[in-house]
Amino acid sequence: GSIDRDHDQLFSLVELFRTCKADRDLGVLRTVVVGLVEYTVYHFKREEIGFAACGFGDAASHEKEHRLLEETALQLQDDLDQKPEIFDAGKLEEVDGFLMDWLGHHISESDMAFREAF
């Protein structure tokens, strides 16, 4: 249940990203990305503690997926700080697509793999 609530929060943050993307408000967008980075790190840490506690056999692969999203979100945050001019409509769509694809795949497929172990 708590992991599902975390997922709901992640999707809420992505929806907020989509609203900011539509408004093209890069200041608010950066705030949302910072929140996404922080919440993602928190959520992944909770999952990974659970992996260790229940002996989930595919933890290494799952954690690799976690690092990919963290790295991408951190790069996005850095780009917003250092190169805000690259965030045209195309770049924002690219980021949106990545987030939706990653979360959709990760939650509906990867996270289902450890559901039984938990």
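Me: What counts as buried, and are phenylalanine 51 and phenylalanine 56 buried or exposed?
Reply: Buried means under 20% relative accessible area, exposed over 50%, and partly exposed in between, with a 1.4 Å probe and protein chains only. The model is predicted: local features need pLDDT of at least 70, side-chain atom pairs count only at pLDDT 80 or more, and totals for chains, interfaces and linings use all residues. Residues are numbered from 1 along each chain as its sequence is written, and side-chain values use heavy atoms, leaving out hydrogens and water. Both phenylalanine 51 and phenylalanine 56 are buried.

Me: How many aromatic pairs does a search of the whole structure find?
Reply: Rings of Phe, Tyr and Trp (its six-membered ring) pair if their centres lie within 6.5 Å. Planes under 30 degrees apart count as stacked, over 60 as edge-to-face and the rest as tilted. For the whole structure, the number of aromatic pairs is three.

Me: What is the angle between the planes of tyrosine 39 and tyrosine 42?
Reply: These tyrosines are three residues apart in helix H2 (residues 26-54), so about one helical turn separates tyrosine 39 from tyrosine 42. Helices are DSSP runs (H or I, at least four residues), numbered from the N terminus. Tyrosine 39 and tyrosine 42 form a tilted pair, 5.3 Å centre to centre, with the planes at 55°.

Me: What is the relative accessible area of tyrosine 42?
Reply: Tyrosine 42 belongs to a tilted aromatic pair with tyrosine 39. Tyrosine 42 is partly exposed, and its relative accessible area is 40%.

Me: What is the centre to centre distance of phenylalanine 51 and phenylalanine 56?
Reply: These two phenylalanines form a tilted aromatic pair, with 45° between the planes. Centre to centre, phenylalanine 51 and phenylalanine 56 are separated by 5.0 Å.

Note on methods
Helix = DSSP H or I, 4+ residues; strand = E, 2+ residues; numbered from the N terminus.
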